[in-house]
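Thank you for making time for this. I would like to walk you through one structure, and I will go slowly from one part to the next.

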Amino acid sequence: MSLEEVTSFPLLANPKGTMLRDTLESAFRSVNKEVAPSQEAYNSLTLVGLVKAGHGVTILPRTALSGLELTHCRKIRIRQHVSRDVGIVRATGRSESPAAAVFRQFIQTEAPTFAAALQIS
């Protein structure tokens with residue numbers, strides 16, 4: 001299904017100012033469409049519940065669906081590639097935990113395109 005086709009259904013979305021909504025708005029702008037939700041909710045469980053109740057459709061990342069009861073829901077892949085930026089935030093003047101150091105090293109070593117995008121130094 002394309003993003004253009006999604007606009008023919010009532011859209012259930014996260015409120016403005018959330019990362020998922022910002023990502024959704026960016027994706028819709030890329031196809032010259034506006035996000036015009038019929039209802040908004042912060043919680044993915046609530047959005048899925050509204051879908052189950054027949055109030056519309058929602059667009060969520062696969063990770064947000066993990067562990068949710070999706071009986072009576074149908075997952076459909078969006079044709080356009082939708083992505084979001086992810087970064088690493090560190091406190092200045094503090095040392096990294098061992099887990100954070102391993103993660104940073106993984107990003108730098110195994111995923112150089114991510115490291116460049118995240119501007120890790």
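**The largest pocket and its surroundings**

Let me begin with the lining of the largest pocket, to which S1, H2, H3, strand S3 (residues 57-58) and H4 each supply at least two residues. Please keep in mind throughout that what you see is a predicted model. Which element gives the largest share of that lining? The answer is H2, with four residues.

The volume of this largest pocket comes to about 1,200 Å³, and of the 34 residues that line the pocket, those closest to its centre are Ile59, Leu60, Pro61, Ile76 and Ile78.

Helix H2 runs over residues 19-29, and its buried residues are Arg21, Thr23, Leu24, Glu25, Ala27 and Phe28. What covers these buried residues of H2? The cover includes helix H1, at residues 3-6, together with strand S1, at residues 11-13, and strand S2, at residues 39-40.

Now we can turn to the loops, and to the backbone angle phi. As a rule, most residues other than glycine have a negative phi. With that in mind, please look at Asn32, which lies in the loop between H2 and S2, and whose phi is near 55 degrees, a positive value in a residue other than glycine. Is Asn32 buried or exposed? Asn32 has a relative accessible area of 71%, and because exposed means over 50%, Asn32 counts as exposed.

A second residue to look at is His72, which you will find in the loop between helix H4, at residues 62-65, and helix H5, at residues 98-110. The phi of His72 is near 70 degrees, again a positive value in a residue other than glycine, and His72 is exposed, with a relative accessible area of 73%.

How far apart are Asn43 and Ala13 in sequence and in space? They are 30 residues apart in sequence, and their C-alpha atoms are 9.5 Å apart in space.

Note on methods:
Residues are numbered from 1 along each chain as its sequence is written. This is a predicted model: local features need pLDDT of at least 70, side-chain atom pairs count only at pLDDT 80 or more; totals for chains, interfaces and linings use all residues. Side-chain values use heavy atoms; hydrogens and water are left out. Buried means under 20% relative accessible area, exposed over 50%, partly exposed in between (1.4 Å probe, protein chains only). Contact means heavy atoms within 4.5 Å. On a 1 Å grid over the protein atoms alone, a cavity is a set of points where a 1.4 Å probe fits but cannot get out, and a pocket is an open set with protein on both sides within 12 Å along at least five of seven lines; lining residues have an atom within 4 Å of a point. Grid points are joined across faces, edges and corners, and a volume is the space filled by probe spheres set on the points.
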